[in-house]
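Please look at the sequence and the structure below.

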2 protein chains.
Amino acid sequence: MEYNIADRMGQVEGSVIRQLLTLAGDPKMISFGSGNPASEAFPVAEIAAITARVLAEDPIAMLQYGLSEGYAPLRDTLKTRLKAEGIGFENNELYIVSGGQQACDLMAKLFVNEGETVIVEEPSFMGALNTFRSYGAKLVGVPMEADGMDLSALEQALKSHPDCRFIYMIPNFQNPTGFTTSLEKRRAIYALAQRYDVLILEDDPYGTLRFAGEAVPSLKSLDTDGRVVYTGSFSKVMAPAFRLGYMVFDAALSDRFAAAKQCVDVHSNLLFQHICYAYMTQYDFEGHIDRLKALYARKAALMVEAMTTHFHPAVRFNSPEGGLFIMAFLPDGKDAYPFVAEGITRGVLTVPGVAFAADPQKPSSGFRLNFSTPSDEQILQGCKILGELTHAWLG
Amino acid sequence: MEYNIADRMGQVEGSVIRQLLTLAGDPKMISFGSGNPASEAFPVAEIAAITARVLAEDPIAMLQYGLSEGYAPLRDTLKTRLKAEGIGFENNELYIVSGGQQACDLMAKLFVNEGETVIVEEPSFMGALNTFRSYGAKLVGVPMEADGMDLSALEQALKSHPDCRFIYMIPNFQNPTGFTTSLEKRRAIYALAQRYDVLILEDDPYGTLRFAGEAVPSLKSLDTDGRVVYTGSFSKVMAPAFRLGYMVFDAALSDRFAAAKQCVDVHSNLLFQHICYAYMTQYDFEGHIDRLKALYARKAALMVEAMTTHFHPAVRFNSPEGGLFIMAFLPDGKDAYPFVAEGITRGVLTVPGVAFAADPQKPSSGFRLNFSTPSDEQILQGCKILGELTHAWLG
């Protein structure tokens, strides 16, 4: 039969890179293509120990229906942690959600009518962009610079899109660029959000994984109006399959977020909430974070060094201060898609910038490299192959 | 600040029963109000044993990002089981989802434009109705009879709502009525769906828990067109906090459902998928189901007997053949809401029918009683109190 798909889903399908990414499963492929954290760093023994204990001590609490807002002791633990980072909870509330992806889903569900605008960093996390598209949002991209969005382009976008409902940004070690928005730009972006009366969705899955430079205050910590919705994730600091994240928002929105959460999956899984709580309060969580940072700092440095050694000097890239990604840019606006495709035929998978574009018709000169999952040998070998390719392309 | 909530969410808020249900947490309250399965029946020891084993044997597979469509061996196991119930997989596909609630979410996301119609049984599961509302769907209720929807009202609804995208039904031991749609009506409903070219969402969280009468073939097993999307759940046969269910749909829709799933939570949690797979294939899953059936049969019989003994004879109710619920109806269309409110002041919580209404302005004479969670003593005591109240009300 003929299926009538809802208009809102029309924009979602047909990712240009789905075919490319299926190649990531090829065991001979050196994959810089994933967004996965390093598997070797999962605290497996502790997770197993906590699981055995909580299933023995209070199995029903792990298995019966739970509260939509999340497990209260975990929520309190996260609030305490965020308070230390300058986010107050006099007027804010924190709910547990099923990963940062669901935070994007709830935000769009609650605030964006079909056809209305969401302003996004260009390039930005494809999963979030698709979620906004799935609500019929019109995406308007603002070019990302090494210290955050181009402010005049942002103001222009706000001015010409009075139906904008929120600005979506990943201020720390952005996916895909690895760029961090400076404090100055955070303040300026917040002021623009005030002037044009829009919300900000501050997506911060990587903020805890800063391995160089100074921490920059979150936009939420600068928020005086209840204008910023902040989301964090356990995917990168505990394990992605926990499917757990959290959202911080003005307490006036609590009933709205609870109702939206009930509509999508009732509540997030309880066992993993208990594991996160126990690990954060009874184990060496800070030591675990430090080990992750050391691991990622080493891998990032290895990749930057290999890129510096092998890549054609006209290819630009930054040293990230955290997170999982580096984006490299071909010179003169050259489209990176055929470059990435040829890299794949030579056995190295990266992700072309077009995958992260608000407008997927617009070519991008960037390609994303992930340093958290490949082995050291793969990083060295993959960068050598890509480097040869840059020389072949750029002469 | 003033928040502009998306129009689609305007219908969702303000459930008349949220206040009532907060009372369910009062330890002195006898609660017939929940939709929870019996906690004492969770296979705790087996879950703990499987968890310990899989976390020891293959921790990374439990913790790293997984596939949106779900864990393949679990999907195959479910397909084999459903094949035995007459659902073929030549043209169908099965994906794991994060509970039946998410199945409703994905279905509405994929098929319903704002303002379009979803036809629902009246009364029906409030969680599904709110999810459809959260996509701006217009809900049209068709009265539920003891053997399924009123067919002439259904045809009338289809005729007068040519923008209907699907019919939502819970054919087995419906929530809230406990009613089961007869095979004759299933065939007639399918034929009407063909005539008016609409889809059917067949929500079957309770079908496995038939403790009396003969099994009735699913609508999906009657489906020749790829018109039925079927969803089942692990919430009632394993544990709700697993947040796991599954959807069966025409394979032509696979990419669409995968894209929609990626937009909401990337994938469902892997550990619990492995637990379900191991429990279904390596443990006595059928014996567990049999024990659940025996438990629920006994509790349902106890409640029906207590209701028969204590309730005013003008209050009508059926003996359910499975599931978790009985709905009782006050005579002469009397609004059950004030009855339920007075029951609560006497210490017994039930849920008024209006909570399950497509049109929450329309009074309902029904109130829902759950027999799976209260203890035997609570069932006897609660029915006695409610019975006295029926006599006080009906004289």
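The centres of domain 1 of chain A and domain 2 of chain A, taken over C-alpha atoms, are separated by 24 Å. Domain 1 covers 7–42 + 287–394 and domain 2 covers 44–282, with bounds from an automatic or database domain assignment. This is a predicted model, in which local features need pLDDT of at least 70, side-chain atom pairs count only at pLDDT 80 or more, and totals for chains, interfaces and linings use all residues. Residues are numbered from 1 along each chain as its sequence is written, while chains are lettered from A and ligands numbered from 1 in the order in which they are written.

Between the domains, 33 residues of domain 1 of chain A are in contact with 38 residues of domain 2 of chain A (C-beta atoms, placed from the backbone, within 7 Å). On the domain 1 side, α12(A) gives the most, with five residues; helices are DSSP runs (H or I) of at least four residues, and strands (E) of at least two, numbered from the N terminus.

The axes of α12 (285–310) and α14 (376–394) of chain A come within 9 Å and cross at roughly 25°. These two helices are therefore roughly parallel to each other (angles under 35 degrees). Residues of α12(A) in this contact include A:L302 and A:M303, and those of α14(A) include A:I379 and A:L380.

The contact between chains takes 61 residues from chain A and 61 residues from chain B.

| Contact | Residues on each side |
|---|---|
| Chain A with chain B | 61 residues and 61 residues |

How values were computed: Contact = placed C-beta atoms within 7 Å. Axes fitted to C-alpha atoms, helices over the stretch in contact; angles between N-to-C directions. Parallel < 35°, antiparallel > 145°, perpendicular 65-115°, else oblique.
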